Amino acid sequence: MLDHHHTVFGQVMTGMGVVDSIAGVKTNNADKPLEDVTLDRVDIITAE
């Protein structure tokens, strides 16, 4: 859920399964994940 405090721009090129897994994490009533979600690696590619 976007909270209107952060703007996110980007596109998933590969690994959409990871995004789906993150989206499926159980949350509390405040929409906070019950377990920490961490990213071990992120590759940033710029479009030309």
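Accessible areas here come from the Shrake-Rupley method with a 1.4 Å probe, and for residues only the protein chains shown count as cover. This is a predicted model, where local features need pLDDT of at least 70, side-chain atom pairs count only at pLDDT 80 or more, and totals for chains, interfaces and linings use all residues. Residues are numbered from 1 along each chain as its sequence is written, and side-chain values use heavy atoms, leaving out hydrogens and water.

**Exercise 1.** Work out how much accessible surface the chain has and what share of its residues is buried.

*Solution.* Start with the total: the accessible surface is about 5300 Å². Now for burial (under 20% relative accessible area is buried, over 50% exposed, in between partly exposed; 1.4 Å probe, protein chains only). Buried residues make up 0% of the 48 in the chain.

**Exercise 2.** Find the salt bridge and say whether its partners are buried or exposed.

*Solution.* First, the rule: a side-chain nitrogen of Lys or Arg must lie within 4 Å of a carboxyl oxygen of Asp or Glu. Searching the whole structure turns up one such bridge. Arginine 41 and aspartate 43 form a salt bridge, at 2.8 Å from N to O. Both of these residues are exposed.

**Exercise 3.** Explain why valine 42 counts as exposed.

*Solution.* Look up its relative accessibility, which is 55%. Then go back to the cut-off: exposed means over 50%. Valine 42 therefore counts as exposed.
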